[in-house]
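Thanks for making time this morning.

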Amino acid sequence: MHGFVRNSVSNANLCDGLVQYRVLFVKLFMQAQDSADWNSDDDLDLQIDNYQSSPPSSPPAAVPSSDELFATLVDMGFSPENIARAIDEHGPNADTVVIIDAISKYTVNCEASSSKSKTIDHFLAMGFEEEKVIKAIHEHGEDNIEEIANALISSAAEESPKIKEEEDIEWSESDDEKYANFLSSDDEKVSDSSSENGNQLRSLMNMGFSELEASLAIERCGTGEDVSIADLADFICAAQIAREFDEFHADPEEQKPNVKKRRIEPRREPRSSAADDEPLRLPNPMIGFGVPNEPGLITQRSLPAMARMPPFFYYENVALAPKGVWDTISSHLYDVPPEFVDSKYICAAARKRGYVHNLPISGRYQVQPPPKYTISEAFPLTKKWWPEWDKRTKLNCILTVNASAQLTNRIRLALEPYGGEPPESKKKYVIEQCKKWNLVWVGKNKAAPLEPDEMETLLGFPRNHTRGGGMSRTERLKSLGNSFQVDTVAYHLSVLKPLFPYGINVLSLFTGIGGGEVALHRLQIPMKTVVSVEISAVNRNILKDFWEQTNQKGTLIEFADVQDLSNEKIVELMKQFGGFDLVIGGSPCNNLAGGNRVSRSGLEGDQSCLFYEYCRILDVVRETTKTMRRS
């Protein structure tokens, strides 16, 4: 048990908000035999912070004998004196949780004359080093249990070694394929789980979490009435945040290159120039060939000869990929150098992305109406409550998860004791959390995460684009976090409007929620044909709804799996519709994202290797286009 607690403490960023580690985990350990029947709606429209548990569906496990209970509690680090006192006070047949609560009360509410030594024992039993415990007590006083715990947790998190793969989850589930597979086979997946946690597993999977994420959360946090679905969801969200930490928590100008380099042997000939051996470097500022609101506009570039051939192609992925990834992407896309753009120069939220394309760059223009450029412009109602000491004007990258109610309550509690400006330590903590989770101010001392409709606005989608149609809030967050920033993409695609006044045929790979299609629509470029390939059924429904609601006159054809789009099928579609004018898409970034510490294996990863499917399909389209032109 001690080892379990130590591991949880050393990875505190995955369990943010669980202050009473020892008491909670012991309760869970002792209730491991109990079953809980959790409410779950089939409509998937459940909120992370609003789950309630129903009464247990099966009788509790047999109560252990007093001798067994005494031995177990001693093994867990409780003092024999407190164990004996609690059993004597409540009786040998008392519920285990009652005994543990009593012991914990004795430990925390000790007399002043002995509080220091008992406080030391309390934290030593949790697995902290004695030297650090004594230092924290001297700094914060023996009565400030919470402050001591926070200091020890912070110290442990800073000094924790690299997470071992055999100890922690590989948080690299596909944002599309495996997610859709789990949703389509809930009954089969849950039936393989034990009766003790099957209902919790089902509820978490209905919220959109993968079976792997849900299973590990249950294993780490336990089962029983004392662990709500909200607690388990918070655990998973914290883990997801940890793997994406680099991109959204860093200052928008800060770059954290990863020295790890794993590459797949390229299918094209390597570049001959010695200068090409130098790895690509991210520009600062990250404005590509220019953005509407910044100087430094470039209107001419020289494309390799192979890239000048039709059709146009446009590929997007995360800028902060492992070293060598963008070299490989460029070499497989006809040696076209990437254009790196951070959307903070276009809208109110940062989004560092690389774009490889053969589009013209002269004559770009901004889609109308233009996006709001600052937080206050995007959300004017927050001005009333925005504290002067919060100097943010931009939000960080929009991600797939959101802050919990427990976190926003901790922020409120941190600020409420101060009528005016809080001390520097409190301001630092609050600002750090606000940046990390993209919180905005909605009342006095009230910081709140962005709602999905606010994310839609920041990303350039129409309001309610992802709302309804069987899509839960969690699914909306995931889909929006993986989408294009529409205004940025529209700025790049704007050069197509004079080239295709009567409409365009589009092959859309890894479509997501249709960011490319929304950009073309906002540019008023008619879409004659869109062949979309997207693994997620809910995302396909979003594009279909958008197509109908905007009264598109063209043809929409949807495929589920890019690997099922065979070369023969591509040729057939091109002959049917007269070819494709644009091939657009962004393959999964699961194995490229900066915060993925376990499976950040670059383009060799299980999901990010789908980049090569984009290349395969693009090659077939280009070769077929040449054949069709000759004939």
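Predicted model: local features only at pLDDT ≥ 70, side-chain atom pairs only at ≥ 80, totals over all residues.

**Around the open sheet**

Residues are numbered from 1 along each chain as its sequence is written, and side-chain values use heavy atoms, with hydrogens and water left out.

When I say strand or helix, I mean DSSP runs numbered from the N terminus, with at least two residues (E) for a strand and at least four (H or I) for a helix. Two strands pair if DSSP finds at least two bridges between them, and in general strands of a sheet pair through backbone hydrogen bonds, either parallel or antiparallel.

With that in hand, the sheet is an open one of seven strands, in the order β2-β3-β1-β9-β6-β7-β8, and its pairing is mixed. Because β2 (339-342) and β8 (555-559) stand at the edges with a single partner strand each, one side of each has no neighbour in the sheet. Neighbouring strands are turned against each other by 20° on average, direction ignored, where axes are lines fitted to C-alpha atoms, for helices over the stretch in contact, and angles run from 0 to 180 degrees between N-to-C directions.

Which way do the residues of β9 point? Leu 582 and Ile 584 point one way, Val 583 and Gly 585 the other, and all are buried, buried meaning under 20% relative accessible area, with exposed over 50% and partly exposed in between (1.4 Å probe, protein chains only). Helix α22 (residues 515-522) lies across β6 (504-509), β7 (527-533) and β9 (582-585), and runs at about 165° to β7.

Next, Asn 505, which lies in strand β6 and counts as buried because its relative accessibility is 5%. Its side chain reaches the backbone oxygen of Gly 579 at 3.1 Å. Leaving aside neighbours within four places in sequence, Asn 505 is in contact (heavy atoms within 4.5 Å) with several residues, including Lys 528, Phe 577 and Leu 582.

Elsewhere, Pro 371 lies in the loop between β3 and α16 (375-378). Pro 371 and Thr 488 are 117 residues apart in sequence, yet 9.8 Å apart in space, C-alpha to C-alpha.

Finally, the rings: those of Phe, Tyr and Trp (its six-membered ring) pair if their centres lie within 6.5 Å, and planes under 30 degrees apart count as stacked, over 60 as edge-to-face and the rest as tilted. By this rule there are eight aromatic pairs. One of them, Phe 611 with Tyr 612, is edge-to-face, at 5.2 Å centre to centre and with 65° between the planes. Ring pairs also link Tyr 315, Phe 611, Tyr 612 and Tyr 614 into a cluster.

Key
Polar contact = N/O pair within 3.5 Å; in protein donor to acceptor, adjacent residues only side chain to side chain.
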